[in-house]
Amino acid sequence: MTLQQAIIWGRQQLSQSEDAGADVSALLCFVLDKEKAYLLTWPERELTQAQQQQYKDCIAERQKGRPVAYITGRREFWSLMLEVNDSTLIPRPDTETLVEVALSLKLPDNARVLDLGTGTGAVALALKSERPGWQVVACDHNEEAVALARRNSLALGLEVDVLFSNWLQSVPKSPKFDLILSNPPYIEAADPHLATGDVRFEPHTALIAENNGLADIETIIKQAKSHLVDQGWLLLEQGWQQADRVIDLLFKTGYKKVNRWQDYARVERVTGGKKASAERD
Ligand SMILES: C[S@@+](CC[C@H](N)C(=O)[O-])C[C@H]1O[C@@H](n2cnc3c(N)ncnc32)[C@H](O)[C@@H]1O
């Protein structure tokens, strides 16, 4: 089987997939351990028997609906190739908005930053890659995710201190943070999207929150104040229809300069605010 034949065959097998072309090239690149350009440059190259078998196995997995990132064990986020597994969420391009907003804030060169619910470490590692002077700490309540984020930190040579913690419970209160940010679970348990596509394979603990999807956001908003410096920022990714309710919670909890930010599709993706000065924890 040549590469071109493999592509045509794979597309036919995955005709039910949302983007069969992208799936096929990601799986073929994984099997060959090559970049996408290789597929375009060498269409007549033959796959070895072992490669053909591995490719067919990957296609069969994908036909069952398993996400490509879980089959290949990797996903790119902010140009960083991350190890991924089914202990946590596959990082989404949408979450790059959270990184962009964080980078747009005026923070000290040696800012202390905390990423809550870090999963693969995507957000924390993206920030560290852009601001090497920042002291970045990350946490998750899932031991496998903590181990995964630590491996990604090591593999990329980006120093992030990854802790096991139920939100801020086990994070020391001192020294405090200039920025706390999170992409927490925010989907309602009854959301019909949970029964479709890749999401079916992702752990519910990474996706679903009680109280109409707002329970974890509310906990973070309350807990973060005692870990922020005066004028420190809290940033949250939230669902596309949740911004008003999150803004309300931020105001009610006493945050100032409360704001919302859109992603490239003009969806309200991030909300946040500053801890007021001289406020008692
Ligand atoms: C939506 S995922 C986001 C993962 C990653 N930050 C990203 O953007 O790809 C939410 C993450 O929060 C973690 N999480 C859920 N509940 C938590 C809790 N009580 N304390 C700490 N982490 C929690 C999950 O394990 C999961 O890794």
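These are my notebook entries from a walk through the predicted model shown above.

**Entry 1: domains**

I began with the overall division of the protein chain. The domain assignment gives domain 1 as residues 3-64 and domain 2 as residues 86-275. I then looked up the spacing, and the C-alpha centres of domain 1 and domain 2 lie 34 Å apart.

**Entry 2: the sheet**

Next I traced an open sheet of seven strands. I wrote down its order as β5-β4-β3-β6-β7-β9-β8, and the pairing is mixed. Which strands stand at the edges? They are β5 (160-164) and β8 (255-262); each has a single partner strand, so one side of each is left without a neighbour in the sheet.

Strands β3 (residues 112-116) and β4 (residues 135-140) run parallel, and five bridges join them. For aspartate 115, I found alanine 138 as the bridge partner in β4. As a reminder to myself, strands of a sheet pair through backbone hydrogen bonds, either parallel or antiparallel.

**Entry 3: a helix across the sheet**

I followed helix α11 (residues 215-224) and saw which strands it lies across: β3, β6 (177-182), β7 (228-237) and β8. Relative to β7, helix α11 runs at about 170°.

**Entry 4: the ligand**

Then I turned to the ligand. How many residues are around it, and which come nearest? I have 18 residues around the ligand, and Gly117, Asp140, Asn166, Trp167 and Asn183 come nearest.

I listed some contacts to ligand nitrogen. In the side chain of asparagine 166, an N or O atom is 2.8 Å from a nitrogen atom of the ligand. The backbone takes part too: an N or O atom of the threonine 118 backbone lies 3.4 Å from a ligand nitrogen, and a polar backbone atom of serine 165 is 3.5 Å from a nitrogen atom of the ligand. I checked the cover as well: the ligand exposes 590 Å² when taken alone, and the protein buries 97% of that.

Last, I looked at two spots in loops. Serine 174 and proline 175 are joined by a cis peptide bond, with omega at about -5°. I placed proline 175 in the loop between β5 and β6.

My other stop was serine 79, in the loop between β1 (74-77) and β2 (80-83). Phi of serine 79 is near 65°, which I flagged as a positive value in a residue other than glycine.

Definitions and conventions. Residues are numbered from 1 along each chain as its sequence is written. This is a predicted model: local features need pLDDT of at least 70, side-chain atom pairs count only at pLDDT 80 or more; totals for chains, interfaces and linings use all residues. Side-chain values use heavy atoms; hydrogens and water are left out. Two strands pair if DSSP finds at least two bridges between them. Helices (H or I, at least four residues) and strands (E, at least two) are DSSP runs, numbered from the N terminus. Contact means heavy atoms within 4.5 Å. Axes are lines fitted to C-alpha atoms, for helices over the stretch in contact, and angles run from 0 to 180 degrees between N-to-C directions. A residue is near a molecule or strand if one of its heavy atoms lies within 4 Å of it. A polar contact is a pair of N or O atoms within 3.5 Å; within protein, one must be able to donate a hydrogen and the other to accept it, and residues adjacent in sequence count only if both atoms are side-chain atoms. Accessible areas come from the Shrake-Rupley method with a 1.4 Å probe; for residues, only the protein chains shown count as cover. Domain bounds come from an automatic or database domain assignment.
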